[in-house]
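User: I would like to learn how to read a sheet and some cavities. Can you take me through an example?

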Amino acid sequence: MAIEKAVLLGNEAIARSVVEAGCEVACAYPGTPSSEILPAIAKFADSLGIKMAVEWATNEKVAFEVAAAASFTGKRSCVAMKHVGLNVAADPFTSLAHFDIEGGLLLIVADDPGHHSSQTEQDSRLFGLFAKIPVFDPSSAREAMEMVKDAYELSEKYHILVMLRPTVRVDHCRQDVEYSEPIKLERSAKFAKDPKRWNCLPANVKINHPRLNQKMDAIRQDFTESFSKYNYEVPAQEEAKLGIIAGGISFAVVMDLLSKMGRKDISVLKIGTPHPLPVDLVTDFIARHKNVLILEETYPVIELQVPDRTNVKGRWNGYVPRAGELVPEVVEEIIHKALGEDFSRPVDEDLKKAIEELKITPKPPMLCPGCPHRASLFAIRKAFPDGIYPSDIGCYTLGVNQKAIDSSICMGASVTQSSGFYLAHKIDSKLRPIIATIGDSTFFHMGLPGLVNAVYNKHAFVLAILDNRITAMTGGQPHPGTGEKLRKGETGRVVPIEGTVRGCGVKFVRTVESYDIDKNVEILKEAWEYAKDHEEPAVVIFTHPCMLLRQEQPQIPVHVNDDTCIGCKFCINFFNCPGLAFDESSKKAFIDERFCIGCGVCTNVCPHGAIEVISEEGR
């Protein structure tokens, strides 16, 4: 029988292996760079005809707890999220480490060194060290597939939660992989009642914590003796001038660089299981090399577990940067520095020339043309130019370019920040308009507790829920407000945002069309007056489908009237649409036809009325 091969995205390779490993319950909340994992699990399960529960959850804590309970019944389960999602799931995560689980439970946490699409570049391996669970750190898509299956075996051998921690370069690489036949475990769900096993109680900690420590000691020994395919040395072909200990994707970068540089005087110790660290392998390697460099992303997790760092160069003594991604250019410079060699990067003249010829002008990220959030944010700023604008995590965070967002922390914090801003000003008897913005998916994810708190404590602010009918920033996943499910043929039930808000006790609730700027300015003012007078939150729900979902709609051709435009750049600075550009030679704004989609919203923007609809005669 021929072995089937395919070129897969790293996240797809992980998903395929999850299905092949006999997982039966998979949950996740989308977040780049992890978003592709759950849909790929569903795709492979369906194509293979495997009966499997695959669902998006409202947030990472929920997803984790659903998967955990399934594992209590003996089913193999998995939960996927991005690194900051583990912050949300940290409560059950740290508790579950102490449990003697039944079915294998795999936690997939995708880290984002270089913060390509994240508010931090935190290292989830430290969470593994903190909670005392084993961690696998893949260096390629192919290795990630292997690790998934070994992680399940390890989980069931020790009845412990296991983490697989791919980083963005593993998640989004493409590599040829081999498919295997899925394991058929044929386990029926069976929950054996045992209060001491399934309850996280203080009385049980004195038993569970020492047992967890024993598990870690045994797993460390396993990682040292039985996992040589993930932890091994690539010896120097000549006398070694440097020994490099490399974890995860850093190993792949180092090996490519050494080949490119033609270096034969550097040994490399690969570490694929950073916690618990196979210390004996590491200390032996260090003892045989007078000059050692540790490369890992992004925190010094391996470094922290090394007993003696006398001859070790790393983050602790400034040889490795303490922030940013270890891309090849950075690693090459670090290696030369560790060897005491001079190094200067040559200028890429071809690239420089190409940039000059193409006249490429770097632009900051901005909302898509026609994005309903742009109109909503513009209305908010127009209604309250002196307001305070706390916001959240989503596409609309780009509203900072419109000067319509003052602060953002994490999922759901727009609501709770509003409470804090209100209380701080209330103490001084100086109320300012507070208008929070939060997306529809984010509202269900973590906005509800803050809103309930604000209703209960009577905090006056306006919450603008930006409902574009999709989880847009992470790739267009459904959420409770859409009622759609991940897989075809499965239907969910719509949880209406307006009804949910009213259920939280909010009395003033209005649903509006995002594009209707003038009307929305008046409704926002009405909402603030109500909130201020009644000392409670008011909610305005802005609705319009995401442009990525839009169907054919009437085009409204517009132009900038040069006779009326005074070159104030108000439209550029406060509407910030890719379809609007500025000609520095004429000092006039103009419509960039390459990006304009004809939504017509910008006709409400110019304070001088210079953006006009092109009449039928003028077309």
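Analyst: Start with the second largest cavity. This is a predicted model. The lining of that cavity has 11 nonpolar, 2 polar and 1 charged residues.

User: Which residues lie nearest the centre of the second largest cavity?

Analyst: Cys565, Cys568, Cys571, Ala589 and Cys606 do, out of 14 lining residues. The space in this cavity is about 80 Å³.

User: How many cavities of 30 Å³ or more does the structure hold?

Analyst: The count is 3.

User: How does the lining of the largest cavity divide by class?

Analyst: Into 12 nonpolar and 4 polar residues, with no charged ones.

User: Now the sheet. How do I read strand pairing?

Analyst: The general idea: strands of a sheet pair through backbone hydrogen bonds, either parallel or antiparallel. Here, an open sheet of 4 strands shows parallel pairing, in the order β16-β17-β19-β18.

User: Which are the edge strands?

Analyst: β16 (435-439) and β18 (509-513), each pairing on one side only. From one strand to the next, the twist averages 20 degrees.

User: How many bridges join β16 to β17?

Analyst: There are 5, and the two strands run parallel; β17 covers residues 462-467. Opposite Gly439 stands Leu466 in β17.

User: What packs on the sheet?

Analyst: Helix α17, residues 413-427, touches β16 and β17. The direction of α17 makes about 165 degrees with that of β16.

Key:
Residues are numbered from 1 along each chain as its sequence is written. This is a predicted model: local features need pLDDT of at least 70, side-chain atom pairs count only at pLDDT 80 or more; totals for chains, interfaces and linings use all residues. Side-chain values use heavy atoms; hydrogens and water are left out. Two strands pair if DSSP finds at least two bridges between them. Axes are lines fitted to C-alpha atoms, for helices over the stretch in contact, and angles run from 0 to 180 degrees between N-to-C directions. Contact means heavy atoms within 4.5 Å. On a 1 Å grid over the protein atoms alone, a cavity is a set of points where a 1.4 Å probe fits but cannot get out, and a pocket is an open set with protein on both sides within 12 Å along at least five of seven lines; lining residues have an atom within 4 Å of a point. Grid points are joined across faces, edges and corners, and a volume is the space filled by probe spheres set on the points. Ala, Val, Leu, Ile, Met, Phe, Trp, Tyr, Cys and Pro count as nonpolar, Asp, Glu, Lys and Arg as charged, and the others, Gly among them, as polar.
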